[in-house]
Amino acid sequence: MRLYLPLSRRSVLAGSAALGAFALSAGRGAFAAGIDIETAMSRRFLGDENAPLKMIEFFSLGCPHCRTFHEESLPVIKEEFIDTGKVQIEFRDYPLGIKATAAAMITRCAPPDRYHGLVTLMFRSQAKWAQVENSLPPLKTVAKFGGLSGDDVEACLNNSALLSAIRTRAEADQSEYGVESTPTFIIGPDRRKLVGANSPDVFRDVLNEELG
């Protein structure tokens, strides 16, 4: 059985107007003006750049099946394949809906060295921000662990350049890789596609097969 969320092109990313409303009376101070988009959108990955096998995960922070992968399968992949230098995994935002888009923006606004920890906390606290009417307060709480103040979060969510960069990349990935749901994994030079929160055993078999 496939465990993933269906995708409609319209739902991939929220528009700037919707995010502006989501952020309420967000400030536009020095933090918003000082975000370096190139740094914010730089590659986020785990593993050796020279690893023989590369894989990409397209994920949405509001997706429960993405959370399952990060909690159950990724630790096994990290121990057996990433930490041993066999595999590098790159994480790419593919946010479904306004709340997931806001969460993705916040992780990109945090210092790069706090990205992975913040993503982990976003997944662990998913029910507290993704399943409530007003997500901004709980998102601000999580963002503190990424070194962001409440004002930083509001300014981040009002950064139209960052929103545009995330949207543009997700749309390009949808076109190039045929992403239709989250999580989706592209593995190896032949771009083998694996969809859903598969078990650690499934990933182990696929990765070993791709490694030869």
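The largest pocket of this predicted model has a volume of about 250 Å³. Its lining comprises Leu-46, His-70, Glu-71, Leu-74, Pro-75, Lys-78, Phe-91, His-116, Val-119, Thr-120, Phe-123 and Arg-124. Two helices, α4 (64–82) and α6 (115–124), each contribute at least two residues to this lining. Sorted by class, the lining of the largest pocket contains six nonpolar residues, three polar residues and three charged residues.

Six aromatic pairs are present in the structure. A pair of aromatic rings is described by the distance of the centres and the angle of the planes. For Phe-59 and Phe-91, the distance is 6.4 Å centre to centre and the angle between the planes is 90°, and the pair is edge-to-face. Phe-59 is located in strand β3 (residues 53–59) and Phe-91 in strand β4 (residues 87–93), so this contact ties together parts that are 32 residues apart in sequence. Both Phe-59 and Phe-91 are buried.

Phe-59 also pairs with Phe-123. The ring centres of Phe-59 and Phe-123 are 6.1 Å apart and the planes lie at 50°; because planes count as edge-to-face over 60 degrees and as stacked under 30 degrees, this pair is tilted. The pair of Phe-59, in strand β3, and Phe-123, in helix α6, links distant parts of the chain, 64 residues apart. Phe-59 has a relative accessible area of 1%, and a value of 1% is likewise found for Phe-123. The cut-off for a buried residue is under 20% relative accessible area, so Phe-59 is classed as buried, and so is Phe-123.

A further contact with an aromatic ring involves a charged side chain. The charged end of Arg-44 is placed over the ring of Tyr-115, at 5.3 Å from the centre of that ring.

Burial was also examined along helix α8, which spans residues 136–143. The buried residues in this helix are Leu-136, Pro-138, Leu-139, Val-142 and Ala-143. When α8 is viewed down its axis, these buried residues fall within an arc of 165°, and they therefore line one face of the helix.

Definitions and conventions
Residues numbered from 1 in each chain as written. Predicted model: local features only at pLDDT ≥ 70, side-chain atom pairs only at ≥ 80, totals over all residues. Heavy atoms only, no water. 1 Å grid on protein atoms, 1.4 Å probe; cavity = no way out; pocket = protein on both sides within 12 Å on 5 of 7 lines; lining within 4 Å. Points joined across faces, edges and corners; volume = space filled by probe spheres on them. Helix = DSSP H or I, 4+ residues; strand = E, 2+ residues; numbered from the N terminus. Nonpolar A, V, L, I, M, F, W, Y, C, P; charged D, E, K, R; others polar. Buried < 20%, exposed > 50% of the residue type's maximum accessible area, 1.4 Å probe, protein only. Arc of directions from axis to C-beta. Phe/Tyr/Trp six-rings, centres within 6.5 Å; stacked < 30°, edge-to-face > 60°. Lys NZ or Arg CZ within 6 Å of the ring centre and 35° of its normal.
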